[in-house]
Amino acid sequence: MTATETPSQVPQAAGGDVLTSGGARGRLPRIPDRIRRGGLPYLLLLPALVLELLIHIVPMIIGIVMSFRGLTQFFIRNWSDAPWTGLHNFKVAVDFNAPIGEALLHSFYVTLAFTALAVSISWLIGTVAAVLMQENFRGRGVLRTIFLVPYALPAYAAIITWAFMFQRDNGLVNHVLHDQLGITDKPSFWLIGDNSFYALVIVAIWKSWPFAFLMVMAALQNIPRELYEAASIDGAGMWQQIRKITLPSLRSVNQVLVLVLFLWTFNDFNTPYVLFGKSAPEAADLMSIHIYQSSFVTWNFGSGAAMSVLLLLFLLLVTAVYLFFTSRGRKTSDV
């Protein structure tokens, strides 16, 4: 009678070796070795997870809790004493017939216009520059490096430089437009009034388009040159090649690029704060600087936190809708 061997009946050699059916010796892995191999990836991710928790998750939770409290300057020393107001801060923020809600709605419209212009023009300039840089010509490497300078510069240093350039009396912009070219009748105020919006857009485009250029240029490297050669043999011109080959091949990259540029631009705080200070002009009153004023200028942290939560919900909604339609369009094109 032949009995089925159990694991306890498997013959073992000295030192913990196991004799296999072929007579080969194999060593049973120790439990600590298994844990070390399986847990090492999580151990390496632990510092990043802790930092993400401390820098983003915990402040976000605190901000959400603050939005339900009447936290003003009278409760700075002890935030826990601030009264629980429920949805009162949100009701005040979305009451567009009241001064606070009307100002927030105006800021929202300004931010939408600013984001639409900055993202579209940044993407357009970056794409055009990336396509042109695919051709071989002398000095291409130098131009690529120069194009990436705005993206490599520290944000505050670059924006401060633009702030000096936009000065009315001794700024470079007025010197070129008025003194050299004679386009304007008199030096313009760029950091106050309606012109502040255009100054804000110009700086945002100057900062953002090199990122679009870098992403599109990297994506263009994956398009086979044989496609362009075959299209050229078939008589396709440059515009037809871009429309039929380049843009369809860049669809997946552009979907991510546009979303990232949108989120970065809509949340931009450094640009208006460095250009205009704590109180931006009405024409350049972005939501980021508006929330800052509501929190740290008027000392109504509960109202500012409620506006921040509303901004977060809006961006989450836009991101979800955008990803839904782009993924749906990608599946349709694949079919």
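Tutor: Leaving aside neighbours within four places in sequence, K278 is in contact with Y273, I289, Y292, Q293 and V297. The model is a predicted one. K278 itself lies in the loop between helix 12 (270–276) and helix 13.

Helix 13 is the element to follow from here. Helix 13 spans residues 287–297 and is mostly covered, with 9 of its 11 residues buried. The buried residues are M287, S288, I289, H290, I291, Y292, Q293, S294 and S295. Three of these, I289, Y292 and Q293, are also contacts of K278. Just after helix 13, W299 takes a positive phi of about 60°.

Y292 and W299 also belong to an aromatic cluster, in which ring pairs link F269, Y273, Y292, F296, W299 and F301. Y273 and Y292 of this cluster are in contact with K278 too. Over the whole structure, a search finds 23 aromatic pairs. In general, a pair of aromatic rings is described by the distance of the centres and the angle of the planes.

M287, one of the buried residues of helix 13, is touched by T111. T111 has its place in helix 3 (residues 99–132). Leaving out residues up to four places away in sequence, T111 touches F266, D285, L286 and M287. Is T111 buried or exposed? T111 counts as buried because its relative accessible area is 0%, which falls under the 20% cut-off.

Helix 3 also holds A103. The C-alpha atoms of A103 and E282 are separated by 9.3 Å, although the two residues are 179 positions apart along the chain. A103 has a relative accessibility of 31%, so A103 counts as partly exposed.

Two further places can be set beside this part. Q241 is found in helix 10 (residues 238–249). With a relative accessibility of 15%, Q241 counts as buried. Not counting residues up to four places away in sequence, Q241 touches Y228, A231, S232, A236 and T246.

The other place is a helix pair. The axes of helix 6 (residues 155–165) and helix 8 (residues 195–220) come within 11 Å and cross at roughly 145°. This crossing of helix 6 and helix 8 is right-handed. Helix 6 contributes A158, I159 and W162 to the contact, and helix 8 contributes I202, V203, W206 and K207. By class, the residues of this contact divide into 6 nonpolar, no polar and 1 charged.

As for the protein as a whole, its secondary structure comes to 14 helices and 2 strands. Buried residues make up 33% of the 335 residues. Among contacts with a separation of 6 or more, 61% are between residues 24 or more positions apart. The accessible surface of the protein comes to about 21200 Å², and 66% of this surface belongs to carbon and sulfur atoms.

Methods:
Residues are numbered from 1 along each chain as its sequence is written. This is a predicted model: local features need pLDDT of at least 70, side-chain atom pairs count only at pLDDT 80 or more; totals for chains, interfaces and linings use all residues. Side-chain values use heavy atoms; hydrogens and water are left out. Helices (H or I, at least four residues) and strands (E, at least two) are DSSP runs, numbered from the N terminus. Buried means under 20% relative accessible area, exposed over 50%, partly exposed in between (1.4 Å probe, protein chains only). Contact means heavy atoms within 4.5 Å. Accessible areas come from the Shrake-Rupley method with a 1.4 Å probe; for residues, only the protein chains shown count as cover. Axes are lines fitted to C-alpha atoms, for helices over the stretch in contact, and angles run from 0 to 180 degrees between N-to-C directions. A crossing is left-handed if the near helix is turned anticlockwise from the far one by less than a right angle, and right-handed if clockwise. Ala, Val, Leu, Ile, Met, Phe, Trp, Tyr, Cys and Pro count as nonpolar, Asp, Glu, Lys and Arg as charged, and the others, Gly among them, as polar. Rings of Phe, Tyr and Trp (its six-membered ring) pair if their centres lie within 6.5 Å; planes under 30 degrees apart count as stacked, over 60 as edge-to-face and the rest as tilted.
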